Amino acid sequence: MSARAEELASRLGAIAEELADLAIDRLSEASSAAGRGAVPDPALVAEERRLTRARRAVEKAAALLQPDEPGDG
């Protein structure tokens, strides 16, 4: 794998971490509302799900750009 692809994989990893942080923030907001006896905001819950799906997709892309391990394929 080229150095450029490995660099891109690293950047995608950082983006995946940022997406995870955002998803955790949304979960915290939703759970704090539930802790106060209110119903969690459905928009926050839906946003967390989208962020989690995006994080997984970015992680898959990063994994595809990683160098092949000996013995693979």
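**Exercise 1.** In this predicted model, work out where Arg-26 and Glu-29 lie and how many residues apart they are.

*Solution.* Start with the helix. Arg-26 and Glu-29 both lie in helix H1. They are three residues apart, about one turn of the helix. Next, check the contact. Their side chains form a salt bridge, 3.8 Å from N to O. The cut-off is 4 Å, so the pair qualifies.

**Exercise 2.** Find which parts of the chain the salt bridge between Glu-47 and Arg-26 ties together.

*Solution.* Begin with the distance. The Glu-47 and Arg-26 side chains meet at 3.1 Å, N to O. Then place each residue. Glu-47 sits in helix H2 (residues 42-65) and Arg-26 in helix H1, so the pair ties together parts 21 residues apart in sequence. Glu-47 is partly exposed, at 26% relative accessibility. Finally, join the pairs. Shared partners link Arg-26, Glu-29 and Glu-47 into one network.

**Exercise 3.** The whole structure holds four salt bridges. Describe the one between Glu-7 and Arg-11.

*Solution.* Their closest N and O atoms are 3.8 Å apart. Both residues belong to helix H1 (residues 3-35). They are four residues apart, about one turn of the helix.

Technical notes. Residues numbered from 1 in each chain as written. Predicted model: local features only at pLDDT ≥ 70, side-chain atom pairs only at ≥ 80, totals over all residues. Heavy atoms only, no water. Helix = DSSP H or I, 4+ residues; strand = E, 2+ residues; numbered from the N terminus. Buried < 20%, exposed > 50% of the residue type's maximum accessible area, 1.4 Å probe, protein only.
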